[in-house]
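Biologist: Please bring up the model, and let us then go through it question by question.

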Amino acid sequence: MTNARFRPPSEANSLILQVDQGCPYNRCTFCGMYRDIPYERLSVEQAEELVVQASRRHADAQRIFLADGDVMRRPFTELQQILTAINAHYPHLARVSLYANGSSIADKTEDQLRTLRSLKLHTLYMGMESGDEEVLKACRKGENAPQMVDAGIKAEAAGLRMSVMILLGLGGAALSKAHAANSAAALNRMQPRFLSTLRVVPVPGTELYEDTMAGRFTPLTEYEIVEELYNLISALDLNSTVFRANHSSNVVPIKARFPRDKTQALSTLQTLLASDTLDKHSPGHLPMWL
Ligand code: SF4
């Protein structure tokens, strides 16, 4: 297996155990993360061996992230066996986290999720991308919003923490308002513990990049991206969520805790929108890689 290339920023200090390679779905039009990597997963025995080997060098690990994309796709029994091995070999273990799509959570029962939680599975990182069906279809997410919301509610009810990502600009200009409004509605229903926004970047090798080059997709301008984030936050009604928009793709870094900091976050964005410093004709600076 290749070395895991992606993990959420908040897992920067975690020990990464790559039990899978690539993404079992690998069809989202915007995603270049695993484009050239065939999906493979270690057998349970191989994964257990990996756990043992890594524990010889990192026996004191407290946080572990299981890579790559959508490890939650594995059947419950495999996850249970891998987590049991991890618990046996890391005496200081506090938490294990992984990427999880809605359908991968949905195919576990609430009891199974509780069992995984008891084995220190902690945070599930879900790329919801949007709560708008048209946007989800256009980017070929392969999931619908109600399914992802219900999966998140079920996971949180089982004691797991949901960390949800929304991709700003994914609907282009035409769907920007619907993308913001319906994403907020979905998040309000799910009430995830963590929420982050990233800005969509057309990455070479993806359909979104080809569509952008061919003029079939027009990325939002820098101004429109900030406006979309403003519309999203305006419509949020979250009871207790840590919010981060500090990925390099964001125009302005924001860290907030909702509902406490909502007014302050909106005021920051409003000031920026009124400042005349944002590019109204192009996306402005974009990172090379999302
Ligand atoms: S966004 Fe997630 S589900 Fe979609 S292809 Fe990329 S890793 Fe797979």
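**Fold and burial**

Biologist: Among contacts between residues at least 6 apart in sequence, what percentage joins residues at least 24 apart?

Modeller: This is a predicted model, in which local features need pLDDT of at least 70, side-chain atom pairs count only at pLDDT 80 or more, and totals for chains, interfaces and linings use all residues. Residues are numbered from 1 along each chain as its sequence is written, and side-chain values use heavy atoms, with hydrogens and water left out. A contact means heavy atoms within 4.5 Å. For contacts between residues at least 6 apart in sequence, the share joining residues at least 24 apart is 78%.

Biologist: What percentage of the 290 residues is buried?

Modeller: Buried means under 20% relative accessible area, with a 1.4 Å probe and protein chains only. Of the 290 residues in the protein, the buried share is 52%.

Biologist: How far apart are the end C-alpha atoms of helix α2?

Modeller: Helices are DSSP runs of H or I with at least four residues, numbered from the N terminus. The expected span is 1.5 Å times one less than the number of residues. Helix α2 covers residues 76-89, so its 14 residues should span 20 Å, and this agrees with the distance between its end C-alpha atoms, 20 Å.

Biologist: Is S183 buried or exposed?

Modeller: S183 lies in helix α7, residues 176-190. Leaving aside neighbours within four places in sequence, S183 contacts S130, G131, I166, A178 and L232. Because its relative accessibility is 0%, S183 counts as buried.

Notes:
Buried < 20%, exposed > 50% of the residue type's maximum accessible area, 1.4 Å probe, protein only. Helix = DSSP H or I, 4+ residues; strand = E, 2+ residues; numbered from the N terminus.
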